[in-house]
Protein chains: 2
Amino acid sequence: MSTTPDSAVRTYIEAHKTAFLDDLADWLRIPSVSADPDRSADVRRSAEWLAAALTRTGFPVTEIWDTRPLALPGGPPGAPAVYAEWPSGDPDAPTVLVYGHHDVQPAARADGWDTDPFEPVVRDGRLYARGAADDKGQVFFHALGVRAHLAATGRTAPAVNLKLLIEGEEESGSPNFPALIKARADRLACDAVIVSDTGMWSEDTPTVCTGMRGLADCQIDLYGPDQDIHSGSFGGAVPNPAAEAARLVAALHDADHRVAIPGFYDGVVELTDQERELFAELPFDEARWLRTAKSYATSGEVGHTTLERIWARPTAEVNGIGGGYQGPGGKTIVPASAQLKLSFRLVAGQDTDRIQRLVTEWVADRLPAGIRHEITFWGATRPCLTPLDHPALQSVVRAMGRAFGTGIRFTREGGSGPAADLQDVLDVPVLFLGISVPSDGWHSVNEKVELDLLLKGVETSAYLWSDLAETRTTGSWKQT
Amino acid sequence: MSTTPDSAVRTYIEAHKTAFLDDLADWLRIPSVSADPDRSADVRRSAEWLAAALTRTGFPVTEIWDTRPLALPGGPPGAPAVYAEWPSGDPDAPTVLVYGHHDVQPAARADGWDTDPFEPVVRDGRLYARGAADDKGQVFFHALGVRAHLAATGRTAPAVNLKLLIEGEEESGSPNFPALIKARADRLACDAVIVSDTGMWSEDTPTVCTGMRGLADCQIDLYGPDQDIHSGSFGGAVPNPAAEAARLVAALHDADHRVAIPGFYDGVVELTDQERELFAELPFDEARWLRTAKSYATSGEVGHTTLERIWARPTAEVNGIGGGYQGPGGKTIVPASAQLKLSFRLVAGQDTDRIQRLVTEWVADRLPAGIRHEITFWGATRPCLTPLDHPALQSVVRAMGRAFGTGIRFTREGGSGPAADLQDVLDVPVLFLGISVPSDGWHSVNEKVELDLLLKGVETSAYLWSDLAETRTTGSWKQT
């Protein structure tokens with residue numbers, strides 16, 4: 001099924017990679033931080049930049065889809081998505097929707113970046129910038145990929161009907177994404193979704209991801225005294241909201257590091273023995289993984305390996321905690337308030353609405369008299385899984401195999417994306433094509449993408465469309 | 001023993017109160033925040049202001065005592081104290097040392113103050129400013145008090161040998177104060193110490209305080225990953241320093257709200273039945289106290305009343321907690337670090353060095369593999385108690401009784417001061433003369449002092465020196 005000549009693809013990429021990287025750097029300069037209301041104009045600018053770039057690429061249809069009209073009262077205001085469409089011209093061609101996002105995590109030089117997170121620099125074969133890997137780099141490789149596909153095949157339009165949906169609020173939990181895809185389901189209709197927002201095992205072990213965890217994250221504000229009060233005059237005789245925030249966190253897990261919220265594990269799809277063996281066969285070096293995690297010990301749910309913990313087990317994590325005096329020296333107060341930011345990673349079988357309800361009830365039940373609270377969920381993302389033997393997944397595996405020149409293995413992704421919503425609303429399989437590696441520093445300082453892997457992504461994209469067009473003729477892609 | 005005519009005192013105060021309040025306001029404009037290294041020049045300016053004011057008052061000796069040469073390596077750098085001396089001229093006169101402090105707690109308009117904390121304003125008979133009650137107002141009433149004493153008695157020097165020691169690092173835990181008083185013990189030699197850094201029951205129920213709790217406070221820094229890492233990629237498989245900080249806090253107390261650090265209560269001087277009855281007889285309105293505490297419930301050690309909890313029981317309090325993302329929205333990370341600020345109030349029988357050691361060991365024992373930590377104690381203040389029937393204490397009670405025109409009752413103070421160090425180093429009894437009330441907002445926003453009480457403080461000071469001089473002839477003040 002190698003209908004796209006490999007050498008022609010490589011020649012085309014080599015000739016165009018400098019302009020491609022310059023373009024990507026332009027995009028990375030836009031600080032499209034969707035979680036920060038002050039950056040909403042930048043998120044819009046990022047969408048406009050991408051739409052213009054896709055028009056230059058050749059997409060005959062590029063549109064900016066505003067999610068603001070879909071936002072719930074009191075909820076996040078929404079951020080624009082980019083939609084693009086390039087029909088094949090072949091009436092039998094399958095339709096493939098590529099998903100990614102153009103918004104990024106917060107980043108500031110002061111967090112410890114070696115260089116400005118929004119001023120891309122290439123160093124030692126790596127491109128450093130917020131969003132280089134998560135997700136602008138992985139979105140943008142498809143732009144050069146489709147051009148290489150056309151150049152190598154002599155086509156004037158892709159072998160598949162190609163659609164792109166690049167959202168602008170993934171890093172804020174995609175609060176309006178489900179509503180967006182429901183409202184635009186007719187435009188988004190397709191035979192399969194390709195998600196380019198995941199990673200692979202390592203540079204040496206290219207892999208295809210078969211599932212992602214879901215996410216429910218929230219902020220809990222706790223209020224005690226109406227203002228900070230003197231800990232000598234009042235301490236020890238009134239409840240302390242910082243202490244209560246801490247007690248909530250401490251109660252989140254039992255002694256076996258299992259999440260202790262009643263009902264949390266109900267319905268969880270447990271790993272089969274075969275899946276556990278597949279995980280165990282991967283060349284996992286725990287000491288090396290710890291270095292990538294910049295951590296000094298493993299720790300987690302008793303009875304599971306590290307890979308099982310991050311790929312296939314639900315978790316509760318404290319993303320932030322704050323309350324009282326955090327300046328220099330001491331200040332002997334009982335704080336007026338405290339705040340928690342918690343996130344729950346979810347796996348197949350867990351319903352996000354139900355988890356939000358369980359957490360909400362659990363918090364309310366645990367807080368003592370004199371502590372008032374508010375809980376705000378930032379939106380939720382459902383977990384998702386794709387069968388290993390799916391024909392379109394096999395197509396992705398072949399395209400990657402040609403680009404990387406080696407066999408492709410399977411992983412899952414511990415992170416979360418709106419893949420499950422696409423699967424549910426569009427009723428099609430979701431496949432994952434990502435070229436990022438764990439050291440890329442997603443959500444962290446000094447995020448980067450490996451330039452050689454970025455170009456392998458371009459190459460995979462270039463091979464994929466012809467392969468999918470041929471695969472499609474062998475049967476339906478619908479999952480039973 | 002009413003050798004100072006009351007009417008003459010009152011006439012003098014009435015004639016000079018405007019200038020007195022103007023002077024005090026000048027002093028309050030100096031943001032002498034000792035906990036903030038950026039304010040060290042202001043703390044020095046505050047010391048210089050006070051020394052000049054005491055010289056104007058008539059003290060023949062005023063000195064600024066630098067504590068920087070005494071500071072321990074790596075410890076707080078020290079802040080200047082003010083020392084003043086006014087000999088009686090009478091060879092039989094007792095020597096009395098007044099203690100207070102001229103540094104203040106941190107304060108910023110943005111914390112929720114109605115007006116600039118360092119721009120004093122008088123509103124509804126109250127003077128609002130950081131330090132108005134804690135402690136500049138209470139230090140400064142002695143300046144007008146001694147003048148009124150002289151004017152009313154026709155003396156040219158006080159009836160006692162009057163010494164003042166007004167330190168500059170009380171709000172930072174007085175780290176260099178013990179070394180200072182040890183180094184200057186010869187200059188500070190006296191028969192009794194009057195501490196003016198406490199409060200009284202209420203405007204209607206003037207009281208004399210007989211003891212203060214001690215304090216040991218610390219900062220604990222916890223370190224996990226070398227940088228914030230993605231909670232999807234790594235969460236649930238490595239230890240989280242914010243969660244571990246929270247677990248420490250949750251483990252600080254048992255289900256009965258007793259401090260759970262092993263050995264913490266060893267040696268604690270328990271309340272006698274008589275003392276508990278004395279506390280219980282005070283006109284304590286818990287609902288009203290809660291309003292003063294700006295709190296919505298009482299909570300604390302099982303088996304003790306609220307007054308016992310705040311006056312006579314040791315506590316562990318979280319003054320601040322912070323870690324991970326605290327900005328707007330969510331950020332799905334495992335944080336690199338977290339920080340706790342804890343303070344322990346101590347009572348008679350608890351040794352500060354031993355408590356610091358117990359806390360240090362307890363923290364080290366509880367943290368799991370992969371979490372590194374540092375613990376820094378900001379210095380410690382010993383608890384202190386004075387017998388109810390002490391003759392000099394009775395002298396304070398009489399002076400207050402004349403100023404307030406009513407009987408004086410007894411309390412303790414839940415807060416902490418260096419009184420115990422003065423008692424230990426100088427080997428003399430420590431008495432408390434304070435006119436602040438609980439609503440004054442110590443360490444909080446909108447700190448104020450009631451102007452009428454401030455002038456009662458002036459009046460008490462004016463009566464006190466003659467009364468003490470006469471009392472002294474009846475026997476030694478040394479405590480057995």
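In chain B, strand S2 (residues 81-86) is joined to strand S6 by 5 bridges, and the two run antiparallel. Strands here are DSSP runs of E with at least two residues, helices are runs of H or I with at least four, and both are numbered from the N terminus. Two strands count as paired if DSSP finds at least two bridges between them. This is a predicted model, in which local features need pLDDT of at least 70 and side-chain atom pairs count only at pLDDT 80 or more, while totals for chains, interfaces and linings use all residues. Residues are numbered from 1 along each chain as its sequence is written, and chains are lettered from A and ligands numbered from 1 in the order in which they are written.

Strands of a sheet pair through backbone hydrogen bonds, either parallel or antiparallel.

How many residues of S6(B) are buried? The strand, residues 161-167, is mostly covered, with 7 of its 7 residues buried. A residue is called buried if 20 or more other C-beta atoms lie within 10 Å of its own, exposed if 12 or fewer do, and partly exposed in between, with C-beta atoms placed from the backbone. B:Asn161, B:Lys163, B:Leu165 and B:Glu167 point one way from S6(B), B:Leu162, B:Leu164 and B:Ile166 point the other way, and all are buried.

Chain A can be described as a whole. It has 13 helices and 18 strands. Its radius of gyration, taken over C-alpha atoms, is 23 Å, close to the 23 Å that the globule rule gives for 480 residues, so chain A is as compact as a globular protein of that length. The globule rule is 2.2 Å times the number of residues to the power 0.38. The C-alpha trace of chain A spans about 80 × 50 × 45 Å along its principal axes, and buried residues make up 59% of the 480 residues. Of the contacts in chain A between residues at least 6 apart in sequence, 81% join residues at least 24 apart. Two residues are in contact if their C-beta atoms, placed from the backbone, lie within 7 Å.

One open sheet of chain A has 6 strands in the order S1-S2-S6-S3-S7-S17, with mixed pairing. Strand S1 (61-65) and strand S17 (430-432) stand at its edges, each with a single partner strand, so one side of each is left without a neighbour in the sheet. The twist averages 20° from one strand to the next. Inside this order, strand S3 (residues 95-101) and strand S7 (residues 192-195) of chain A pair in the parallel sense over 4 bridges, and A:Val96 stands opposite A:Ala192 in S7(A).

Helix H2(A) lies across S1, S2 and S6 of chain A, running at about 170° to S1(A). Angles run from 0 to 180 degrees between N-to-C directions, and axes are lines fitted to C-alpha atoms, for helices over the stretch in contact. H2 (residues 40-57) also packs with helix H3 (residues 136-153) of chain A at an angle of about 5°, with their axes 10 Å apart. That makes H2(A) roughly parallel to H3(A), a term for angles under 35 degrees; over 145 is roughly antiparallel, 65 to 115 roughly perpendicular and the rest oblique. A:Ala53, A:Leu54 and A:Thr57 of H2(A) meet A:Ala143, A:Val146 and A:Arg147 of H3(A).

The two chains also meet each other. 84 residues of chain A are in contact with 85 residues of chain B. S11(A) gives the largest share of the side of chain A that touches chain B, 9 residues. That side divides into 33 nonpolar, 37 polar and 14 charged residues. Ala, Val, Leu, Ile, Met, Phe, Trp, Tyr, Cys and Pro count as nonpolar, Asp, Glu, Lys and Arg as charged, and the others, Gly among them, as polar. S11(A) pairs with strand S11 (residues 315-324) of chain B in the antiparallel sense over 5 bridges, and A:Gly323 stands opposite B:Ile321. Helix H6(A) is mostly covered, with 9 of its 11 residues buried. These buried residues pack against elements including S11 of chain A and S11 of chain B.
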